[in-house]
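Dear colleague,

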Amino acid sequence: MNRRKSLSALTATLTAALAAGLFGLPQAASAAEVTLTYAFFAPAKTFPARQMTHWAEQLAKRTNGKVDVKTFPGGTLLGAKEMYDGVTKGVADIGLGSPSYDPGRFPLTSGVALPVGFTNATQASRTLWALTKEFKPKEYEGFKVIAMFTTEPGFIQTKTAVRNAADLAGMKLRAAGTGVPVLKALGAAPIGMPMPEVPQSVQTGVINGTMTSREVLQDFKLAESLKFVTDYPTVVVAFAAVMDQKKWDKLPADVKKVIEELAEEMPGWTGNYHDNENVGAAMAWAAKEHKLQVVSLAADERARWDGKLKSMEDEWVKEMSGKGLPAAAYLKRMRELRDQFAKK
Ligand code: 3IO
């Protein structure tokens, strides 16, 4: 073979490879062996939706394009209240919902929303995931849990300043279902409601504020009307992304392996984003653009609030034990994991 010929053959091969690479890309995406739809009830820019996008990208990448995930944020496929039943019915392959919105359906998971003193979302998220693996709560029967995480402990965010129990007395405040007993114990008039309904409910005066993680001030533009945050961390809100168990069983083994690997990473990834970027940026934005004020509680007032929440753990254990759930063991382990995952 002469030198000239072999060179041109090489050029042809390279050109063909390049063309296949360039024009093959979109083809490869649509030719994925597995396509999964993934639904979430809140907008794309919120932190749980960012988790969904990150997960979808990582799954595609780590399976070399074998899996294509189509994400549906903003409740376009399933809303907050229909999320888990929607997955069972096959409306979406994966659904990211909040078990905290329905403590009756997710009783053991509601334990992570007790006032046990989590200091951030990373700690609480890792605790929730470890607890779920250890206790395998019956409430997830029929589902494969593919990701879990929580918010930071929620703060009371209001139209008018809440400096003490008198300011809070009878105030109409919204929380996730698990936050309702906390607000009740503090003397407010709580309403359980999914997060996407909050902006309009504030606008129409149905509520005077909400108790949740602070990034909602920016991500739901709530700082336009909620000008005060009371500096008293309360309880977290739990999230769980699930697949229908039967659908999960049919996935190829290598895909399952990557999804299980990602499940281990999601509490830390999401917690880190929420704790170290999302909330801080939102607080700075709200202070600068909307003159948000952080209201401190006097030490004696703080102690009285703590006192009002003190009996909640015992009441929860009593109620859940009555349902035959291992609530005392769950709470004990939760405290251990909380301390294990505490930073420094
Ligand atoms: C939440 C839900 C969806 C999108 C962003 C969010 N930030 C905090 C929550 C949790 C929540 O709904 C609640 O009740 O605290």
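Leucine 59 touches Leu36, Val67, Val69, Val255, Val258, Ile259 and Leu262, leaving aside residues up to four places away in sequence; contact here means heavy atoms within 4.5 Å. This is a predicted model, in which local features need pLDDT of at least 70 and side-chain atom pairs count only at pLDDT 80 or more, while totals for chains, interfaces and linings use all residues. Residues are numbered from 1 along each chain as its sequence is written, and side-chain values use heavy atoms, with hydrogens and water left out.

Leu59 is also among the residues with the most contacts inside the largest nonpolar core, together with Trp55, Leu217 and Leu222; this core has 54 residues. A nonpolar core is a set of buried Ala, Val, Leu, Ile, Met, Phe, Trp, Tyr and Cys residues joined through side-chain atoms within 4.5 Å. Buried means under 20% relative accessible area, exposed over 50%, and partly exposed in between (1.4 Å probe, protein chains only). Helix H10 contributes the largest share of this core, nine residues. Another core, of 47 residues, lies apart from it and includes Leu128, Ala130, Ala238 and Met312.

Helices (H or I, at least four residues) and strands (E, at least two) are DSSP runs, numbered from the N terminus. Helix H2 (residues 47-62) packs against helix H10 (residues 253-290) at an angle of about 145°, their axes being 9 Å apart. Those axes are lines fitted to C-alpha atoms, for helices over the stretch in contact, and angles run from 0 to 180 degrees between N-to-C directions. Among the residues that meet are Trp55, Leu59 and Arg62 in H2 and Val255, Leu262 and Trp269 in H10.

Lysine 66 is found in the loop between H2 and strand E2 (67-72). With a relative accessible area of 18%, Lys66 counts as buried. Lys66 touches Ala32, Glu33, Val34, Pro252, Asp254 and Val255, again not counting residues up to four places away in sequence.

Glutamine 203, by contrast, is exposed, because its relative accessibility is 57%. Gln203 belongs to helix H7 (residues 198-203), and its C-alpha atom is separated by 20 Å from that of threonine 46, 157 residues apart along the chain.

As to confidence, the mean pLDDT (the predictor's confidence in each residue, from 0 to 100) of the chain is 93, and 91% of its residues reach 70 or more. Over residues 1-29, however, pLDDT stays under 50, and the model has five contacts beyond four places in sequence for them. Where pLDDT is low, the predicted coordinates should not be read in detail.
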